[in-house]
Structures are given as C-alpha cells and as structure tokens.
Amino acid sequence: IIIAYIHNMKLIKFMGFLGTATMLIILIWTLTNVGNSEAPLRDSPPLAFVAIVVMNTVALSLSFGISLCAKLKRQSAVSVAIESSNQNAPLAIAILLLSLEDGYERDLALNVPVIYMLTNILFV
C-alpha cells in the first residue's frame with residue numbers, strides 16, 4: 001500500500017523483481033525437493049492435474065468477469081483475478097512440511113500445492 005501511495009517507479013520495479021526472484025527460488029527449491037521425494041509428481045494421478053487446472057481456470061475467469069461487472073478498470077480486474085486464483089501454494093507447502101511427518105503421505109500431499117504453483121506460473 002505504501003509503495004502504491006509513493007508512486008516511485010524504481011521502487012515498484014524493484015519490488016516486482018524481488019517478487020519474481022522469490023517465486024523462482026521457491027519454485028526451484030520445491031521442484032528439486034519433490035524430485036527426491038517418495039511420491040514424485042509423475043506418480044500423481046492425472047485427475048489431480050486436471051482438477052487443479054480446472055479449478056485455477058474457473059477461479060481466474062470468474063474473478064476477472066465479476067471484477068469487470070463491478071466496473072473495475074481492466075488493470076484492477078487483472079490484479080483481482082490473479083490474487084483470487086493464486087491461493088498461496090508456498091504457504092500450503094510450509095504448513096504441510098510443518099504438520100506432517102516425513103514419508104509417503106507428506107510427499108503425496110505436497111504434490112497438490114506444487115501442481116497448483118506450476119499452473120499459476122502458466123497463467124500469470
């Protein structure tokens with residue numbers, strides 16, 4: 001909020017770069033750790049991939065459409081759509097890592113936010 005109020009373009013660009021770098025670091029770390037797990041992504045059922053992609057697409061489309069119906073500017077509608085469809089996969093990963101013991105069940109559960117994060121990268 002403070003950054004938007006100041007309207008400092010250098011600061012806004014820096015924060016955008018910092019957000020992108022953070023996302024890439026989390027993605028690389030997650031993919032390297034999932035590759036070493038007892039339940040790799042390739043073992044996830046295809047229906048899990050389909051369900052997550054459909055859920056992400058519907059959330060993005062509905063939130064964008066509702067934002068436009070509420071007469072938000074296009075740029076604001078895109079922001080609302082991205083924030084509404086992007087459901088904090090890194091937070092879900094952290095909760096799973098802290099809540100479940102090492103093993104197959106935790107590794108299998110971690111596949112869902114990883115797939116979600118990958119589909120968000122495709123949309124955003």
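Predicted model: local features only at pLDDT ≥ 70, side-chain atom pairs only at ≥ 80, totals over all residues.
## Overall fold

The chain is built from six helices, with zero strands. Follow it along the sequence and you read α-α-α-α-α-α. As for dimensions, the C-alpha trace covers about 45 × 30 × 25 Å along its principal axes.

How do the parts of the chain touch each other? Take the contacts in the chain with a separation of 6 or more: 64% of them come from residues 24 or more positions apart.

## Surface and burial

The chain has 124 residues, and 25% of them count as buried.

## Charges

On the charge side, the chain carries 7 positive and 7 negative charges.

## A look at Ser-67

Now for a single side chain to find in the viewer. Ser-67 belongs to helix H3, which runs over residues 46–69. Is Ser-67 buried or exposed? Its relative accessible area is 4%, so Ser-67 is buried, given that the cut-off for buried is under 20%.

Which residues does Ser-67 touch, leaving aside those up to four places away in sequence? The partners are Leu-72, Ala-77 and Val-80.

Key: Residues numbered from 1 in each chain as written. Heavy atoms only, no water. Helix = DSSP H or I, 4+ residues; strand = E, 2+ residues; numbered from the N terminus. Buried < 20%, exposed > 50% of the residue type's maximum accessible area, 1.4 Å probe, protein only. Contact = heavy atoms within 4.5 Å. Lys, Arg positive; Asp, Glu negative; His and termini not counted. Charge placed at Lys NZ, Arg CZ, Asp CG, Glu CD.
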